[in-house]
Amino acid sequence: IKNFYYFYKFSKSILFFVILFCLLNFQKSLSFLSFFEIATPNIISITIYLLIIRFSISPSNMILFLLGLVHDIMSGDNLGITSIFLLLIKFVSESLFLDRVVKKSDEWISFTIIFLLCFVTVLLLNIAINFSIPQFGPIFFHIGITLILFPIINISIIFLSFVTKLIKS
């Protein structure tokens with residue numbers, strides 16, 4: 001019975017890795033659209049946040065680390081930057097700080113605080129590694145489009161859960 005349990009956990013982890021990997025590649029492929037040519041929205045951070053807050057599913061640290069490493073190797077970014085960002089999103093979303101923020105405010109505000117905190121941390125780390133300051137136009141577009149996209153995805157999930165509950169009853 002233990003073997004089946006471990007096989008179940010392993011297959012669940014592999015499936016979760018594949019889904020997040022496809023989502024990360026979809027996020028990267030949005031740059032081929034003319035509207036997102038400057039910068040793409042950060043869909044993976046929205047997904048991780050909603051998995052932790054709305055569905056109480058905590059992705060494994062190893063999955064997020066490997067996902068970030070594979071993404072950095074494939075895209076040619078600084079090795080480990082995406083891993084650090086994904087793990088920061090997870091740790092800050094699960095922290096006690098979030099409990100205070102969510103109880104006092106809306107999900108959008110708490111996501112904004114978490115996303116900006118993690119993004120600025122990784123941006124400063126990237127500046128320290130590369131010894132250069134990037135252009136701020138694409139950065140502001142990236143932050144803005146991600147924060148605009150969050151309520152749309154959140155409302156879509158709420159609507160889908162309402163429809164499924166309606167169908168079940």
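Colleague: Which is Phe 36, buried or exposed?
Modeller: Phe 36 is buried, with a relative accessible area of 15% (buried means under 20%, exposed over 50% and partly exposed in between, with a 1.4 Å probe and protein chains only). This is a predicted model, in which local features need pLDDT of at least 70 and side-chain atom pairs pLDDT 80 or more, while totals for chains, interfaces and linings use all residues. Residues are numbered from 1 along each chain as its sequence is written, and side-chain values use heavy atoms, without hydrogens and water.

Colleague: And Phe 35, buried or exposed?
Modeller: Phe 35 is exposed, at a relative accessible area of 54%.

Colleague: How many aromatic pairs are there in the structure?
Modeller: There are 11 aromatic pairs (rings of Phe, Tyr and Trp, the last by its six-membered ring, with centres within 6.5 Å; planes under 30 degrees apart are stacked, over 60 edge-to-face, the rest tilted). Phe 35 and Phe 36 form an edge-to-face pair, with 5.0 Å between centres and 70 degrees between planes.

Colleague: Which residues form an aromatic cluster?
Modeller: One cluster is formed by Tyr 49, Phe 85, Phe 111, Phe 115, Phe 119 and Phe 150.

Colleague: Changing topic, how many salt bridges does a search of the whole structure find?
Modeller: The search finds one (a side-chain nitrogen of Lys or Arg within 4 Å of a carboxyl oxygen of Asp or Glu). It joins the side chains of Glu 107 and Arg 54, at 2.7 Å from N to O.

Colleague: Which residues of α1 are buried?
Modeller: They are Phe 16, Leu 20, Phe 21, Leu 24 and Gln 27. These buried residues pack against α2 and α3 (contact means heavy atoms within 4.5 Å).

Colleague: Which residues make the nonpolar surface patch?
Modeller: Phe 159, Leu 160, Phe 162 and Leu 166 make a patch of about 460 Å². Patch residues have over 30% relative accessible area and no salt bridge, with nonpolar side chains (Val, Leu, Ile, Met, Phe, Trp, Tyr) joined within 5 Å and like charges within 9 Å; areas come from the Shrake-Rupley method with a 1.4 Å probe, and for residues only the protein chains shown count as cover. Phe 159 belongs to helix α7 (residues 136-168) and is exposed, at 51% relative accessible area.

How values were computed:
Helix = DSSP H or I, 4+ residues; strand = E, 2+ residues; numbered from the N terminus.
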